[in-house]
Amino acid sequence: MSTALHPKLALFDEGDAAPRLPVVDHYCGVEARMRKSLELQGEMGPVFDITLDCEDGAPIGGEAEHVLLVAELLNSAANRFGRVGARVHPLDHLSFEADVDGLIARAGEKLAYLMLPKPQSAAEVQQAIAFVDATLVRHGIRKPLPLHTLIETHGALREVWQIAALPRIESLSFGLMDFVSAHRGAIPRAGMSLQGQFSHPLVLRAKLEIAAASHAHGKTPSHCVVTEFKHPSAIQEAAQRAARELGYTRMWSIHPNQIQPIIDAFAPSTAEIDEAIDIIHAAQAAAWAPIQYRDVLHDRASYRYYWQLLERAHQTGQPLPIEVERDYFTPALAGNA
């Protein structure tokens, strides 16, 4: 094995490289679909996250029972990889505190993250964070609990840079449906469609602002839903555009059939992977000094790009050469390669 410095150590300052989340955030709230999603994750591996929904998934009047069900699933053997989170009710909802307390009390060690929906401001996100953290302390949970939030109101979009700067926030998602509804008919229904959500100026502006704020603060931007779930080509097109045009590194799925097309769209091509391997190997051999590759000059700035491309390939389950997996992605060796 090479004794050269591992790319993470050579190319990034401590804490500079943002953690990479699975590219799919799969939402489900009905019991049968939640159980089926856990089975599917068990088959496919941790290439996608599951968010068990205590907001839209809970029947009115049955919120407490739904939290018990979600906690049961989190604690079950079906949660094999520790990549299952939950969405709670908004801060101003009567069930918010009960959701948070119930989930943390019963399954705090198993939660991968909590999703905080519909904040109106950065101050409201901070208030929710404070309650979550106090609840963790109250129940003796020492495991870090990352928090995600939905940007779907005018106030949250106005303060998205402040929200992205909050240390406890790991990912920001765009809530397309509620965002369009918040315009009270000023954005037509087409703004929620596949084509409209990529062409209406107000929707596109929101997506770009969320992505820019997320990247500026080392957070993961997560793209919104595509409701045309029976059309694989629709989710494939949306995922490709989200990843390659708008800078999103994660995307929501609301149907199992959407998971693999999103993974495929966010995954690098074989040609991109081969080029990245060649450049990283050459850079490592040169002790990370500038190199020339196919008549193009490369230095640490482009090395970071190609290393992150390899990380995305590994994260999306793309086949990599044995030596690349061994030297770069074996936990015991990472940092010592």
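Strand S5 (residues 147-151) and strand S6 run parallel and are joined by 5 bridges; two strands count as paired if DSSP finds at least two bridges between them. The structure is a predicted model, in which local features need pLDDT of at least 70 and side-chain atom pairs count only at pLDDT 80 or more, while totals for chains, interfaces and linings use all residues. Residues are numbered from 1 along each chain as its sequence is written, and side-chain values use heavy atoms, with hydrogens and water left out. Helices (H or I, at least four residues) and strands (E, at least two) are DSSP runs, numbered from the N terminus.

Strand S6 (residues 169-174) is largely enclosed by the rest of the structure, because 6 of its 6 residues are buried. Buried denotes under 20% relative accessible area, exposed over 50%, and partly exposed the range in between (1.4 Å probe, protein chains only).

A further parallel pair is formed by strand S2 (residues 48-53) and S3, over 4 bridges, with Ile50 standing opposite Val84 in S3. In a regular strand the side chains alternate between the two faces of the sheet. Strand S3 (residues 84-87) is covered on both faces: Val84 and Ala86 are buried on one side, and Gly85 and Arg87 on the other.

The largest nonpolar core comprises 75 residues, and those with the most contacts inside it are Leu52, Leu103, Leu114 and Phe174. Helix H5 gives the most to this core, with 7 residues. A second, separate core of 22 residues includes Leu11, Leu309, Ala313 and Phe329. A nonpolar core is a set of buried Ala, Val, Leu, Ile, Met, Phe, Trp, Tyr and Cys residues joined through side-chain atoms within 4.5 Å. When neighbours within four places in sequence are left aside, the contacts of Leu52 (heavy atoms within 4.5 Å) include Val84, Gly85, Ala86 and Arg87, as well as Cys28 and Met34.

Which helix supplies the largest share of the lining of the largest cavity? Helix H5 (residues 122-138) does so, with 3 residues. A search of the whole structure finds 1 cavity of 30 Å³ or more, and the largest cavity has a volume of about 60 Å³. A cavity is a set of points on a 1 Å grid over the protein atoms alone where a 1.4 Å probe fits but cannot get out; lining residues have an atom within 4 Å of a point. Grid points are joined across faces, edges and corners, and the volume is the space filled by probe spheres set on the points. Among the lining residues are His89, Phe96, Leu116, Glu124 and Val125. The lining divides into 8 nonpolar, 1 polar and 1 charged residues.

| Residue | Relative accessibility |
|---|---|
| Arg33 | 59% |
| Arg184 | 81% |
| Asp295 | 72% |

Arg33 belongs to helix H2 (residues 31-44); its C-alpha atom is separated by 41 Å from that of Leu9, 24 residues apart along the chain. Arg184, in the loop between helix H8 (176-181) and helix H9 (201-216), has a positive phi of about 50° although it is not a glycine. Asp295, in the loop between strand S9 (291-293) and strand S10 (296-298), likewise is not a glycine and has a positive phi of about 65°.

Methods. On a 1 Å grid over the protein atoms alone, a cavity is a set of points where a 1.4 Å probe fits but cannot get out, and a pocket is an open set with protein on both sides within 12 Å along at least five of seven lines; lining residues have an atom within 4 Å of a point. Ala, Val, Leu, Ile, Met, Phe, Trp, Tyr, Cys and Pro count as nonpolar, Asp, Glu, Lys and Arg as charged, and the others, Gly among them, as polar.
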